[in-house]
Amino acid sequence: MSRGKHPGDFGTAIDVASPSFSPTSASPLRRAIFRLHPARAVAVAFAVAVALGTALLALPLATADGGAPDPLTALFTATAAVCVTGLTIVDTSAYWSGFGEGVILLLVQAGGFGIMSLASLLALLVAGKLRLRMTLHAQAETRIGIGDVRGVLLRVALITLVVESVTAAILTLRFVLGYDMPFGRALYYGVFHAVAAFNNSGHGLRSDNLTAFAADPWVLVPVSVAVILGGLGFPVIIELLHQYARRRRGEAARGWSLHLKLTLIVSGALLAVGFALTLGLEWSNEGTFGPLAAEDKMLGAFFHSAVSRTAGFNATDIAAMEPATLLATNVLMFIGGGSAGTAGGIKVTTFAVLAVAILAEVRGEPTSGVFRRKLAPHVLRQALTVALLGVGVVMVSTVALLAMVDARTDLVLFETVSVFSTVGMTTGLTADLPTPAQLIVIFLMFIGRVGPITLVSALALRERTRRYQHPEERPIIG
């Protein structure tokens, strides 16, 4: 596999023949890692990150009062950070020390970037090349070809750095000029919220999250833009950058890929629908948008629509929202954002593929297609599998939580969908859950972050062609 010479070609030469590549020359631990299925390795990497984060947060140094933290609180917080779910059971700024908040920030960054992608990038910087098995691990997260991993990982790191830096700079200036914060504290607030926004975690340093800035576009808009960019997925951003680079070089523009078209169109449509529904349903609600000016209501509706599919920030009281708004938010959260990004949910492309399949069936068409492209049958099966398993996980978890807590069904369902979709938006119910229920939430956060990645990767890598066909028979449907 040769490495491309063109400035825009990021192919990677993978030295398979090198003696150093052979797992037999490695330690037993490394040999075990090499033998792991790429999809399974992603789950193991996230589990290890959660364990390390829990150990660090369990130190007395991590708490504000210097006392030993509750082990469940440490585990819950570490899982929420690594799985980029901005859900907390304690006040972050009051409970954790500066060290603890720094650990949370690093876990959010590592979880958003992707544990295996981060490991691959570090190996690249140290060794200058990627091993084949590690390349497959990174591919399981980024959904890209083997030859492109090197360039893509570097671009992902650069994109992360640029977006977070710009967002942090805007927020820092706003906190200094608009709220008279000392520069050091403003910079810390800016960086923390920028990292949380781009990685779609929703962690905040205030007990009221961002409700104090409900009428401040200089805070909510940069956070929303960072959330949207992180939620689109790295393949979309990288392809857009490639298109822009080709135009700058005067080369003929290539057509947009089907993934790019579906992600942008469906994301834009969901953003608009969420904005319209939130604005209409909450316009006169005295507990949310009622007391605000018209322009602030529109800002709040846009912010809620942007963060409800990906990040758990809130600029208004979620518990005070209308039941219809909570239900609409459930749908947005369950769909989530773009693939191979920092967002959760079943992903917008999964939703789009299912919608296209339904439309084709209603029209009586034998195959499903969109934008003059036919969808492969295995793509439809994977989308259906992810969606139905997601519904099943949410329903089972909701029933289990309802058996443990005395709360309205709509509130429990909202919390469950938020956790599974790694959104982290809450009505305040999670903090009061008993220990068994919090353990279910911890498991659900992990499944919500790792499950879709592992499932789709495993399905794709296990795909095989059957050399025989059974007799066809059609059961009665409907």
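The chain has 478 residues, and 49% of them count as buried. Among contacts with a separation of 6 or more, 70% join residues 24 or more positions apart.

How far can the model be trusted? The mean pLDDT of the chain is 82. A value of 70 or more is reached by 81% of the residues. Residues 1–26 are another matter, with pLDDT below 50. Beyond near neighbours in sequence, this stretch still has 43 contacts in the model. Where pLDDT is low, the predicted coordinates should not be read in detail.

Now turn to the helices. Two packed helices are described by the angle between their axes and the distance between the axes. Start with α3, residues 71–82, and α5, residues 98–113. Their axes lie 7 Å apart, at an angle of about 40°. The two helices are therefore oblique to each other. On the α3 side, the contact uses T77, A78, A81 and V82. On the α5 side, I104, L107, V108 and G111 take part. Of these contact residues, 6 are nonpolar, 2 are polar and none is charged.

The second pair is α12, residues 258–282, and α14, residues 323–335. Here the axes come within 10 Å and cross at roughly 165°. Angles over 145 degrees count as roughly antiparallel, so α12 is roughly antiparallel to α14. The crossing of α12 and α14 is left-handed. From α12, the residues in the contact are L270, G274, L277, L281 and E282. They meet A324, T325, A328, L332 and I335 of α14. This contact divides into 7 nonpolar residues, 2 polar and 1 charged.

Is L260 buried or exposed? Its relative accessibility is 0%, so L260 counts as buried. Leaving out residues up to four places away in sequence, L260 touches V236, E239 and L240. Take E239 as an example. L260 and E239 are 21 residues apart in sequence, yet 7.7 Å apart in space, C-alpha to C-alpha.

Next comes H304, in helix α13, residues 294–308. Its relative accessible area is 5%. Buried means under 20%, so H304 is buried. Which residues does H304 contact, leaving aside its neighbours within four places in sequence? They are T278, I318, M321, T325, T329 and M425.

Finally, look at two loops. Most residues other than glycine have a negative phi. D180 has a positive value, near 55°. This residue sits in the loop between α8 (149–179) and α9 (183–198). Its relative accessibility is 67%, so D180 counts as exposed. R372 also has a positive phi, near 60°. R372 lies in the loop between β1 (369–370) and β2 (373–374). With a relative accessible area of 84%, R372 is exposed.

Definitions and conventions
Residues numbered from 1 in each chain as written. Predicted model: local features only at pLDDT ≥ 70, side-chain atom pairs only at ≥ 80, totals over all residues. Heavy atoms only, no water. Axes fitted to C-alpha atoms, helices over the stretch in contact; angles between N-to-C directions. Helix = DSSP H or I, 4+ residues; strand = E, 2+ residues; numbered from the N terminus. Parallel < 35°, antiparallel > 145°, perpendicular 65-115°, else oblique. Left-handed = near helix turned anticlockwise from the far one by under 90°. Contact = heavy atoms within 4.5 Å. Nonpolar A, V, L, I, M, F, W, Y, C, P; charged D, E, K, R; others polar. pLDDT = per-residue confidence, 0-100. Buried < 20%, exposed > 50% of the residue type's maximum accessible area, 1.4 Å probe, protein only.
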